[in-house]
Amino acid sequence: MNVDLTIAIIITMVGASTPLLFAALGELVVEKSGVLNLGVEGMMLTGAVVGFAVTYTSGNPWLGIGAAAIAGASVSMIFAFLTLSLSANQVATGLALTIFGAGFSALFGKPFTGKPIDIFGSVFPPALSEHPYLRVFFDYSPLVYFSLFMVFAIWWFLQKTRAGLILRAVGENDHSAHSIGYSVLGVRYGAIAFGGAMAGIGGSCFPLILTPQWVEGLTGGRGWIALALVVFAAWRPGRLLAGAYLFGLIATMELYAKAAGGAFRIIPSELWASLPYLATIIVLVLISLRHKISSSAPACLGKPFIPN
Amino acid sequence: MQFRLEKKLQPSKKMLFATPVLAVFLTMILGAMVFTTLGFDGLSAVREIFLTPIINSLKWQDLAVKAAPLIIIGVGLSIGYRANVWNIGAEGQYIVGGLAATGVALLTHDLSGWWLLPLMGIAGALGGMAWVFVPAFLRTKLKVNEILTTLMLTYVAVQLLNFLIFGPWKSPTSYGQPQTVLFNSDQILPYIIPGTIVQAGAPIAVLIAILAWIIMSRSVFGFQVKTVGSAPNAARYGGFSENKTIWLTLLIGGALAGFAGMLEVAGPFNRMVPQFPSGYGFTAIIVAFLGRLHPIGVLFAGIVLAITFVGGEVAQTTIGLPNAAVGLFQAMMLFLLLAGDVLVRYNIKIVRAKR
C-alpha cells in the first residue's frame with residue numbers, strides 16, 4: 001500500500017469518526033453521572049439540522065456549531081425534566097427523544113433540503129494542509145482538533161478535578177452523594193445538558209465536514225453506535241477515541257476496498273453499508289466475552305433518584 | 001415553590017387509564033400552540049390531524065389499513081416491554097418478515113390455491129423471528145443489550161431489502177424500477193368489505209389483540225411475563241426462568257412484526273418496493289406505551305396513532321403541513337404520556353421554600 005493512499009485513508013477515517021466521537025464523549029459524561037440517555041440519535045439530528053440551517057443562513061460555520069450545541073442541550077432538557085424531576089422511565093424517554101428529534105429535524109429541515117453549504121475544512125495554509133505528507137496532521141476541520149481536545153479535557157475533568165469526582169460519586173452512589181450534601185439532580189441536569197451539547201455538535205459535523213447538505217435522517221444511526229461505543233470503551237475517554245477511529249475506518253473501508261479491486265469488487269455495496277452496524281454487534285459480543293460489563297459500568301446507571 | 005414526589009403504596013388504577021387520554025388531549029392543545037409559534041395554522045393542523053379522520057367517514061377505511069400493522073406490532077412489543085425486554089428493532093423484523101413472505105410469493109408465483117397466503121404468513125412470522133434470533137441469543141447467553149442489537153439489525157434489514165430488490169429480485173418488466181413483480185391474485189389479501197380498501201389485515205389485528213389479552217390475563221405465560229418484569233426476584237424464587245421469558249417475548253415480538261410485514265406486502269403493496277419500511281415498527285413503540293402495554297389498550301392506541309397518520313396526509317393536502325409534523329405530534333404524545341406516569345406512581349406534594 002502506498003503512502004498517498006494510507007494518508008487519504010487516515011484523513012477520511014478521522015473525518016468519519018469525529019461526529020461519533022463528540023456524541024459518545026457527551027454520553028460518556030451523562031452515563032458517568034448515572035443516567036442512560038438513549039436519545040443521542042435524536043439530539044444529533046437536532047444539532048445537524050440546526051447547525052446546517054444557521055451555517056446556511058449566516059454563512060458562518062462557528063455560529064452553526066454554537067447553535068447546534070445550544071439546540072442539542074435544549075432538547076436534552078426535555079429528557080432531563082422527565083427523567084429527573086418526574087422520574088420517568090429513562091429507556092422510554094430516551095426513545096421518545098429520538099423520535100422527537102427525527103420529527104423535529106425532518107420538519108425544520110424541509111426548506112433547507114438540497115441546498116449546499118461549503119465544507120468547513122482545514123484553516124491551515126495550503127503549504128501545510130495540501131502538503132503531500134504533512135497534510136496527515138493539518139488537513140482537518142477545526143472540529144476535529146476540538147474533538148481531540150475534548151477527549152483530553154473530559155479525561156482530565158473526570159480524573160483530576162473535584163467536580164469530576166463529585167459527578168462520578170453521583171453516578172456510583174447517588175444516596176451517599178446526596179447525604180453528604182451534593183445535589184444529585186443538579187449534577188445530572190448539568191451532565192445531560194453537556195451530553196446534549198456534545199451530541200448537537202456531533203450532529204453538526206455531518207453537514208459541516210462530511211456531506212455539505214441537509215438530508216432527512218442524515219445521521220443514519222450514528223447516535224446508536226455512539227451508545228455502543230461508550231460500552232465498548234468501558235466508560236474511559238482514551239479508549240473511546242480508539243473505538244471511534246476504528247468505526248470510522250470500518251465506515252470508510254468501502255471506498256478503498258472498491259479502489260483496490262480484485263476480490264473486493266464482488267462484495268455488494270449493501271454489505272459494506274451494513275458493516276458499521278454488524279461491527280457494532282460484534283464488538284458488543286467481544287466485550288461481553290472478555291469481561292463483565294457490569295464491573296465497569298457506573299453503579300447507578302439508569303436508576304431514578306428520588307430525594308427524600 | 002418546589003414540588004416533591006412521594007411514592008404511592010399502589011400505582012393508581014384510575015390514573016393508569018386517565019393519563020393516556022389526558023396525554024392525547026394535551027398533545028392537541030400543546031401541538032396547536034407549538035405549531036402556531038412555528039408559523040403554521042396550529043388550530044387547523046390539530047383539527048385536520050386529530051378530528052377529520054374521525055368525522056369524515058370516507059377516511060375510516062384508511063384508518064383500518066394503517067391501524068392494523070401498528071396494532072399487531074404493538075401487541076408483540078408490549079408483551080416484551082412488560083417483561084423489561086426492550087426490542088426496539090421491530091422495524092427490522094417487519095422488513096425481514098415482508099421479505100420472507102415476498103420470497104415465498106416469488107417461488108410460488110406460478111402456482112395457485114388457498115394455501116399460498118397462509119404459507120406466506122408463516123414465512124413472514126418466521127422471518128421476523130429469524131431477525132430477532134441473534135439479539136435473543138446474545139442477550140440470554142452473553143448478556144448483550146438487546147436495545148442496541150435489535151436496532152443495529154434494523155439498519156442491516158434495510159440494506160438487505162435494497163440488495164434484493166435492486167439485485168436478484170428486481171422485476172424484469174419494471175423498466176429498471178427497483179421492485180419485484182406483482183404478486184398473483186392468490187397471493188394478495190382478500191378485501192373484506194366490498195368497495196373499500198379494507199383487507200383481511202384489519203380483522204386479524206383485532207383478533208390478535210383479543211387473543212393476546214386472553215393469554216396475558218389467563219395463562220401462566222402471561223403471569224410469568226408480568227412477574228419477571230415487575231418483580232424479577234420473586235420470579236426467580238417462583239421458578240420462572242428469566243432467559244426463557246426473554247426468548248419467548250422476543251420471538252413473539254419478532255413473529256408478530258414479521259407477520260405484520262407479510263400482511264403489508266401482500267396487502268396494500270402487492271409487491272416489494274423500496275418504500276416498504278414505512279416506520280410502523282418505530283411508531284408501534286409509541287402505540288405500545290400509549291396502550292399501557294395492555295393488548296386492548298394497544299388496540300385503541302393503534303387507532304389513535306393511525307388517526308394521526310391519516311390526519312397528517314389530510315393536513316398535507318388541505319393546509320400544506322409537511323408530513324414530518326405528524327412525527328412531532330406523535331413524539332409529543334409519548335413525552336406527555338411519560339410525564340403523566342408520575343401521577344400513576346407518585347403523589348406530588350408542593351413544598352414551600354424553607355427560610
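In this predicted model, helices H5(B) and H6(B) run roughly antiparallel to each other, because their axes cross at roughly 155° and angles over 145 degrees count as roughly antiparallel. The two axes come within 9 Å, and H5(B) passes H6(B) in a right-handed crossing.

The residues that make this packing can be listed from either side. H5(B) contributes Trp131(B), Val132(B), Val134(B), Pro135(B), Leu138(B) and Arg139(B). These meet Glu146(B), Thr149(B), Thr150(B), Leu153(B) and Ala157(B) of H6(B). Sorted by class, the contact of H5(B) with H6(B) holds seven nonpolar, two polar and two charged residues.

Next comes the contact between the chains. Chain B puts 36 residues into it and chain A 37 residues. On the side of chain B that touches chain A, at least two residues each come from helix H5 (116-142), helix H6 (146-166), helix H11 (280-290) and helix H13 (324-345) of chain B. Of these, H13(B) gives the most, with twelve residues. The class make-up of that side of chain B is 28 nonpolar, six polar and two charged residues.

Notes: Residues are numbered from 1 along each chain as its sequence is written. Chains are lettered from A and ligands numbered from 1 in the order in which they are written. This is a predicted model: local features need pLDDT of at least 70, side-chain atom pairs count only at pLDDT 80 or more; totals for chains, interfaces and linings use all residues. Two residues are in contact if their C-beta atoms, placed from the backbone, lie within 7 Å. Helices (H or I, at least four residues) and strands (E, at least two) are DSSP runs, numbered from the N terminus. Ala, Val, Leu, Ile, Met, Phe, Trp, Tyr, Cys and Pro count as nonpolar, Asp, Glu, Lys and Arg as charged, and the others, Gly among them, as polar. Axes are lines fitted to C-alpha atoms, for helices over the stretch in contact, and angles run from 0 to 180 degrees between N-to-C directions. Angles under 35 degrees count as roughly parallel, over 145 as roughly antiparallel, 65 to 115 as roughly perpendicular and the rest as oblique. A crossing is left-handed if the near helix is turned anticlockwise from the far one by less than a right angle, and right-handed if clockwise.
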